[in-house]
Amino acid sequence: MDALVEKLMEELNCQTVFTIPVLGGIPVSEAVAVTWIIMAAVILLCRFFVRNLSVENPGKGQLLLESAVSGIYHFFDDVMGPCGKDYIPYLTTVAVYIGIANLIGILGFKPPTKDINVTGALAVMSIILIEAAGIRRKGTKGWLKSFAQPMPVVLPINILEIFIKPLSLCMRLFGNVLGSFVIMELLKMVVPQVLPAVFSCYFDIFDGLIQAYVFVFLTALFIKEAAE
C-alpha cells in the first residue's frame, strides 16, 4: 500500500520539465510540455487531412472526413439545437484534446488530464463560454434577470451554480482519470500477469474516450440551458 501511495503522490506531483529563460525563468510543467506535443500532432494531422481537397473530384479520404465532420455537427445540433452551431468548433477541439490527452499514456507520456490545473483550466474556459452564450442570446439585462428565474428566492442558488458547474466538470474529469490509475495499480499488485493488460484496454482507451465525450456533452447541455 505504501508503494501505491508513493506512486499516487508521484502522479499528483507537477514536475517541471524545463525552464524558459525569460523574466527570471518560466517553469514549464510536464502537463504543459505534453500538451504542446499534442497541439503539434493535431496541427500536423489537420495539415495532412486537409491537403489536396477538391470540390469537383473528392477522394475517399475527403469523403470520410466530410462524413465525420457532418456527423459531429448533427450530433451537437441534436443536443443544442440551431443556436449552438457557433460553439461546435470549440467543443470538437476540446473533445479531440481530452481524448488524445487520455490516450497518450499508452505511448509512455503522463496524461495532462492527471494534472488538476489542466482540468481546471478546461472547466473555466467552458464555463466562460457557457455564460457568454447566455449573454449573447439574452443580452446583458436578460442574462442578469435569468438568475432570478423562476422566482427571486432562487437567486443565490443560481449564482452559486456559476461556480458549481466548472468545479463539477473539473473534478469529474480529474477524478475519473486519477481513479483509473489507482485501479490499474491495484490490479497490478493483486494479479500482475493477465488482468492488468485486459483492463488497460478499458481504462486507457475506452474510459479515456468516454471522459472526453462526457465533458463536451455536459458543456453542450450547459450552453443549451444558458441560451434557452
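Phe217 comes out as partly exposed, because its relative accessibility is 26%, and the scale behind that word is computed with a 1.4 Å probe on protein chains only, where buried means under 20% relative accessible area, exposed means over 50%, and partly exposed is in between. Before I go on, please keep in mind that this is a predicted model, in which local features need pLDDT of at least 70 and side-chain atom pairs count only at pLDDT 80 or more, while totals for chains, interfaces and linings use all residues. Residues are numbered from 1 along each chain as its sequence is written, and side-chain values use heavy atoms, with hydrogens and water left out.

Phe217 has a ring partner in Tyr213: their centres are 5.5 Å apart and their planes are at 15 degrees, so this pair is classed as stacked. The rule here is that rings of Phe, Tyr and Trp (for Trp the six-membered ring) pair if their centres lie within 6.5 Å, and that planes under 30 degrees apart count as stacked, over 60 as edge-to-face and the rest as tilted. Both residues sit in helix H7, four residues apart, which is about one turn of the helix.

The structure holds five aromatic pairs. In another of them, Phe75 and Phe217 have ring centres 6.4 Å apart and planes at 40 degrees, so that pair is tilted. Since Phe75 belongs to helix H3 and Phe217 to helix H7, the contact ties together parts that are 142 residues apart in sequence. Phe75 itself, at 28% relative accessibility, counts as partly exposed. Taken as a group, Phe75, Phe76, Tyr213 and Phe217 are linked by ring pairs into a cluster.

Let me step back to the fold. The chain has seven helices and two strands, and from the N terminus on the order of the elements is α-β-β-α-α-α-α-α-α. Of its 228 residues, 33% count as buried.

Where does H5 bend, and by how much? The bend is at Gly139 and comes to about 115 degrees, taken as the angle between axes fitted to the seven residues ending there and the seven starting there.

Pro111 is 80 residues from Ala31 in sequence, but the C-alpha to C-alpha distance is 7.1 Å. Thr113 lies in the loop between H4 and H5 as well, and at 0% relative accessibility it counts as buried.

On a 1 Å grid over the protein atoms alone, a cavity is a set of points where a 1.4 Å probe fits but cannot get out, a pocket is an open set with protein on both sides within 12 Å along at least five of seven lines, and lining residues have an atom within 4 Å of a point. The largest pocket contains about 880 Å³ of space, and among the 29 residues that line it, Val42, Cys46, Thr92, Thr93 and Val96 are the closest to its centre. H4 contributes the most to this lining, with ten residues. By class, the lining has 26 nonpolar, three polar and no charged residues, with Ala, Val, Leu, Ile, Met, Phe, Trp, Tyr, Cys and Pro counted as nonpolar, Asp, Glu, Lys and Arg as charged, and the others, Gly among them, as polar.

Finally, the second largest cavity has a volume of about 40 Å³, a volume being the space filled by probe spheres set on grid points that are joined across faces, edges and corners. Its lining is made by Leu169, Arg172, Leu173, Gln211, Val214 and Phe215, with helix H6 (155-190) and H7 each giving two or more residues.
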